[in-house]
Amino acid sequence: MQSDLASHTEKLHVGIIMDGNGRWATRRGLSRVRGHEAGVEAIRRIVEAAPKQGIGTLTLYAFSTDNWRRPKAEVAALMTLLRFYLAHEVQSLVKNGVRLSVIGRRDRLPDGIATAIARAEGATAHGNVLHLRIAVDYSARDAILNAAAKAAALTSLTREAFSQLVTGEACLRDVDLIIRTSGEKRLSDFLLWEGAYAELHFTERMWPEFEAKDLAEALASFYGRERRFGGLQAIMPEEVPSLSRA
């Protein structure tokens, strides 16, 4: 199945809401922190599998703006894991041609993390196999609100220009597919602008259990759907219109 999916010429943009770390751990009598550690292992698996399955951009929802309301000990553990990932995964990302970007606010992150993010982004800047975007202290509504504030100073505005204000990148492909693990069926303030026409895939699988075969299953479901974008005729993935086009 993976080879069939990878045969599609157009590289997709897939977003994943990585949900269920805590519940996965609790059901096994483990700490929630252990669940988040297992979640990092799942990230490694999916980052490796994504390019083989025709994905060019992968956006992972790691920590939302609302997650600051979680217990301080859990937030501290998540930030420690983020530090660890930035310190220990960069070499592997560079080796595998993965470009890392972190989206969301950086001013509220613990000391040193923003610097580590910038260093990792710089080290991986030339990766051309996969663009890995990790959302940290991220809110789609805040991103849109901030873009609107910047747009107020412009004399003219196009969708393309506004999209760049929202995402911080020029020519970023709109999201084709959003996957949420753990059985929950909501977007939770994730990629609301760039995911306006994204297909949705919900799975009962907890994020620490998510594997390449689960990603392949989600993509097989995606390719089996007809995407009309408001029209009457199905549009193939390589013909998908972009929100950023005027």
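Visitor: Which residues in H3 are buried?

Guide: Quick caveat before that: this is a predicted model, where local features need pLDDT of at least 70, side-chain atom pairs count only at pLDDT 80 or more, and totals for chains, interfaces and linings use all residues. Residues are numbered from 1 along each chain as its sequence is written, and side-chain values use heavy atoms, with hydrogens and water left out. In H3, the buried ones are Gly35, His36, Ala38, Gly39, Val40, Ala42, Ile43, Ile46, Val47 and Ala49. Buried means under 20% relative accessible area, exposed over 50%, partly exposed in between (1.4 Å probe, protein chains only).

Visitor: What does H3 span, end to end?

Guide: Its end C-alpha atoms are 26 Å apart, and 18 residues (32-49) at 1.5 Å a residue should span 26 Å, which agrees. The expected span is 1.5 Å times one less than the number of residues. Helices (H or I, at least four residues) and strands (E, at least two) are DSSP runs, numbered from the N terminus.

Visitor: OK, the core. Which residues have the most contacts inside the largest one?

Guide: Val14, Ile16, Leu58 and Leu132, in a nonpolar core of 45 residues. Helix H4 (residues 72-88) gives the most to this core, 7 residues. Such a core is a set of buried Ala, Val, Leu, Ile, Met, Phe, Trp, Tyr and Cys residues joined through side-chain atoms within 4.5 Å.

Visitor: And what is Leu58 in contact with, leaving aside neighbours within four places in sequence?

Guide: Its partners include Val14, Ile16, Ile46, Val47, Leu130 and Leu132. Contact here means heavy atoms within 4.5 Å.

Visitor: Switching to strands: how many residues of S4 are buried?

Guide: 9 of its 9, across residues 130-138. S2 (residues 55-64) pairs with S4 in the parallel sense over 7 bridges, with Tyr61 opposite Ala135. S3 (residues 98-103) also runs parallel to S4, joined by 6 bridges, and Ser101 stands opposite Arg133. Pairing takes at least two DSSP bridges between the strands.

Visitor: Last thing, rings. How many aromatic pairs are there?

Guide: The count is 7. Trp207 and Phe210 are stacked, 5.4 Å centre to centre with 25° between the planes. Phe222 and Tyr223 are edge-to-face, at 5.2 Å and 75°. Rings of Phe, Tyr and Trp (its six-membered ring) pair if their centres lie within 6.5 Å; planes under 30 degrees apart count as stacked, over 60 as edge-to-face and the rest as tilted.
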